[in-house]
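Hi,

Here is the structure I promised to pass on to you. Have a look at it first, and then read on for my notes.

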Amino acid sequence: MAQPYLSVIIPAYNEETKIELDLAAALEYFEAQPYGFEVVAVDDGSSDRTPEVLRAWEQRSAGRLRAVCYRPNRGKGCAVRTGMLAARGEVRMFADAGLCVPFHDTVAGLAALGRGYDVAIGSRKLADSRVLQPPARYRQWGSRLFGAVVRRIMGLGGLHDTQCGFKFYTARAAEELFGASRIDGFMFDAEILILARRRGLKICEFPVQWRADPDSRYRPLVGSLRNLVELARIKFGRTRPHTGL
């Protein structure tokens, strides 16, 4: 089978009620593009019927979609890493489930890599970005605090939005960065960007259209504590090797 130009990784956890919308939107958009593609849908140990839904789509997708499922649940970082390392595309992107960013914003991400960048990250904070549905107020406050911590303490100054779930990598960058990553939870984004900077890779941000997903898997209290632990592990180098799947 010919190598696809683009691999689209969609991580999923307990998404049986809505993941089909993501898969349908992805296939509809990319089938209309002039380049070859694959969708890699990764189930992160769901306790609902998400794996069955993904496998059913795989069977009827004529090779355009692959389902990668594992147990137990390990976290979004593990799901994205698994998808990136299983992908075959010359360019690899991941998009959060929930259609927070429309797939037509892929044009901007691909254009950024075409200008010579190794990593291109969607940003909700740029002047040209459009936030159509903002998150709850408490999430906005938490996001501002988290952003300040990441930029000042973790050495990611100059980047406005490290956590938007719409990012692009060349195949070389994806294999190098995700092969070295160790964080399984939500802070994998910060770890990947820190690794990219340490290795001298070129990073840029591009504007996106974004709407909050009201059915987010993120739980503020437990999630914030886990995020702090993961940031400390990244900062002080106390990361354990991932075991692979």
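Helices and strands here are DSSP runs (H or I over at least four residues for helices, E over at least two for strands), numbered from the N terminus. By that count, the chain has 8 helices and 9 strands. A word on provenance: this is a predicted model, in which local features need pLDDT of at least 70 and side-chain atom pairs count only at pLDDT 80 or more, while totals for chains, interfaces and linings use all residues. Residues are numbered from 1 along each chain as its sequence is written, and side-chain values use heavy atoms, with hydrogens and water left out.

Let me start with the sheet. Two strands pair if DSSP finds at least two bridges between them. On that basis 7 strands form an open, mixed sheet in the order 3-2-1-4-7-5-8. Strand 3 (65-70) and strand 8 (203-207) are its edges, each pairing on one side only. From one strand to the next, the twist averages 20°. Strand 5 (residues 119-123) runs antiparallel to strand 7 (residues 166-170), with 3 bridges; Val119 has Tyr169 of strand 7 as its bridge partner.

Helix 3 (residues 76-86) touches strands 1, 2, 3, 4 and 7, at about 145° to strand 2. Helix 6 (residues 171-180) lies across strands 4, 5 and 7, at about 105° to strand 7.

What about the interior? Of the 245 residues, 51% count as buried (under 20% relative accessible area with a 1.4 Å probe, protein chains only; exposed is over 50%, partly exposed in between). A nonpolar core is a set of buried Ala, Val, Leu, Ile, Met, Phe, Trp, Tyr and Cys residues joined through side-chain atoms within 4.5 Å. The largest has 38 residues, and Ile10, Phe30, Phe166 and Phe168 have the most contacts inside it. Helix 1 (residues 19-31) gives the largest share, 6 residues. A second, separate core of 34 residues includes Val42, Ala87, Tyr169 and Leu195.

Which residues of helix 1 are buried? They are Ile19, Asp22, Leu23, Ala26, Leu27, Tyr29 and Phe30. Their cover includes strands 1, 2, 3 and 4, helix 2 (50-59) and helix 4 (106-114).

Enjoy exploring it!

How values were computed
Axes are lines fitted to C-alpha atoms, for helices over the stretch in contact, and angles run from 0 to 180 degrees between N-to-C directions. Contact means heavy atoms within 4.5 Å.
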